[in-house]
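The plan is to look things up one at a time and jot down what I find.

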Amino acid sequence: MSMEPRAGVLRLAPYQQGQSEIEGVSEPIKLSSNESSHGPSRAALAAYRDAASQLHRYPDGSQRSLCNAIAEVHDLKQELIICGNGSDELIQLMVRSYIGEGHESLQSENGFVMSRIHSIAQGADVVIAPEKNHRIDVDAMLSRVSDRTRFCTVANPNNPTGTYLTEDQIRRLHAGLPDNCLFLIDEAYAEYAMAPDYTTALAMVEEHDNVVVTRTFSKIYALSALRIGWAYCPAAIYDVVQRIRTPFNTNGPALAAAEAAIRDTDYIAGIASHNALWRDRIADELTAMGIEAIPSQANFYLMRFPDDSNKSGTGAAAFLQSRGIIPRPAGNGDQFLRVTIGLDAENEAVLSALRDYMAANEQ
Ligand SMILES: Cc1ncc(COP(=O)(O)O)c(C=O)c1O
């Protein structure tokens with residue numbers, strides 16, 4: 001008898017990573033994966049280098065020092081924090097712990113692909129709620145809740161739209177979920193959000209037994225290559241997930257660099273304000289060019305080219321690539337393009353290329 005993988009696994013296509021090269025261009029401007037072109041803080045780099053002297057030792061499986069730093073900086077309970085090999089791994093650990101065949105995993109149209117992948121691999125059915133005006137539609141999600149719904153996730157701010165749910169909306173969504181449904185709020189872009197009615201859901205974790213928040217060091221902290229993120233979970237979920245977490249899922253250099261990175265709050269505040277300045281400027285300039293800028297609270301823009309024109313997301317992507325810039329096709333249909341906000345010169349290059357693309361006669 002030949003071996004058979006679990007049913008869900010064969011329903012999945014292999015993950016396609018964002019493009020990172022352009023043929024013939026030695027140093028492209030890579031704005032396809034919402035990384036931070038600013039790089040990590042100096043303190044994080046120094047900690048990473050220092051960690052080289054300990055490569056022959058296993059890392060601290062308890063992750064204590066990093067959890068302490070996260071708890072101090074965010075005023076959280078250290079004993080409810082779990083670190084993962086990127087927030088990807090934490091999402092996977094939550095899904096593996098709580099859902100399987102016969103269950104439903106609810107997410108929004110633009111939900112982060114990893115929770116869909118892990119849910120399917122577990123044999124669960126993924127239920128997708130449409131979004132309205134590029135925003136997660138709480139009513140559409142709630143109307144899809146069934147007695148099989150065991151997992152519900154939203155990214156806040158969301159990717160690739162950059163839009164967000166207010167605290168009231170998040171709480172209303174949570175209130176409509178059954179108590180036996182884990183509600184995971186993926187806050188990969190939270191540090192960039194500055195809207196007055198945006199609030200992190202970290203406080204909700206201490207109020208409810210079924211709310212988990214994930215964060216990452218891959219975005220504003222610029223440690224994507226090290227693969228490190230963290231989750232804040234209620235005690236019972238913490239206990240379950242710790243049973244299946246492999247003891248050394250987070251490596252030593254990553255733990256050390258992340259600890260220094262999170263303590264360097266001035267550096268992170270500077271990156272967030274730089275991003276917010278560019279966010280406003282890019283929105284104004286795109287609007288002036290006749291491109292719709294979906295209002296973003298993240299470090300990227302989803303832009304929509306006008307329907308009644310010969311301009312499109314794929315046309316713009318090809319044009320930007322001819323200028324050495326890598327954006328990411330995203331959203332529904334061919335009118336959308338997602339571009340990460342980068343350094344001054346990178347953003348100027350994007351705007352200048354888009355101006356020329358919109359002015360050119362060809363598509
Ligand atoms: C919404 C969202 N969640 C999670 C992640 C994954 O982050 P990590 O690098 O921590 O696995 C990303 C990365 O692009 C993301 O966009």
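**Entry 1: the whole chain**

First reminder to myself: this is a predicted model. I looked up the secondary structure, and the protein chain has 12 helices and 12 strands. Its radius of gyration is 21 Å, close to the 21 Å that the globule rule gives for 363 residues, so the chain is as compact as a globular protein of that length. I also checked the spans of the C-alpha trace along its principal axes, and they come to about 60 × 55 × 50 Å.

How much of the chain is buried? I got 47% of the 363 residues. Then I turned to contacts between residues at least 6 apart in sequence: 72% of these join residues at least 24 apart.

**Entry 2: strand 7**

Next I picked strand 7, residues 211-216. Is this strand mostly covered or mostly open? Mostly covered, since six of its six residues are buried. I went through the two faces as well. Val-211, Val-213 and Arg-215 sit on one side, while Val-212, Thr-214 and Thr-216 sit on the other. Both faces are covered.

**Entry 3: who pairs with strand 7**

I found strand 6 (residues 182-186) pairing with strand 7 in the parallel sense, over four bridges. One bridge I noted joins Asp-186 to Thr-214 in strand 7. To get from strand 6 to strand 7, the chain goes through helix 7 (residues 202-207), and this β-α-β crossover is right-handed.

Strand 8 (residues 229-232) pairs with strand 7 too, but in the antiparallel sense, again over four bridges. There, Val-213 stands opposite Tyr-232 of strand 8.

**Entry 4: Leu-184**

I zoomed in on Leu-184, which is found in strand 6. Why does Leu-184 count as buried? I counted 29 other C-beta atoms within 10 Å, and the cut-off for buried is 20 or more. Skipping neighbours within four places in sequence, I listed its contacts: Ile-91, Met-94, Thr-153, Val-212 and Thr-214. I also checked Val-95, which is 89 residues away from Leu-184 along the chain; their C-alpha atoms are separated by 9.7 Å.

Notes:
Residues numbered from 1 in each chain as written. Predicted model: local features only at pLDDT ≥ 70, side-chain atom pairs only at ≥ 80, totals over all residues. Helix = DSSP H or I, 4+ residues; strand = E, 2+ residues; numbered from the N terminus. Rg over C-alpha atoms; globule rule 2.2 N^0.38 Å. Buried ≥ 20, exposed ≤ 12 C-beta atoms within 10 Å, placed from the backbone. Contact = placed C-beta atoms within 7 Å. Pairing = 2+ DSSP bridges. Right-handed = clockwise from strand over helix to strand, strands pointing away.
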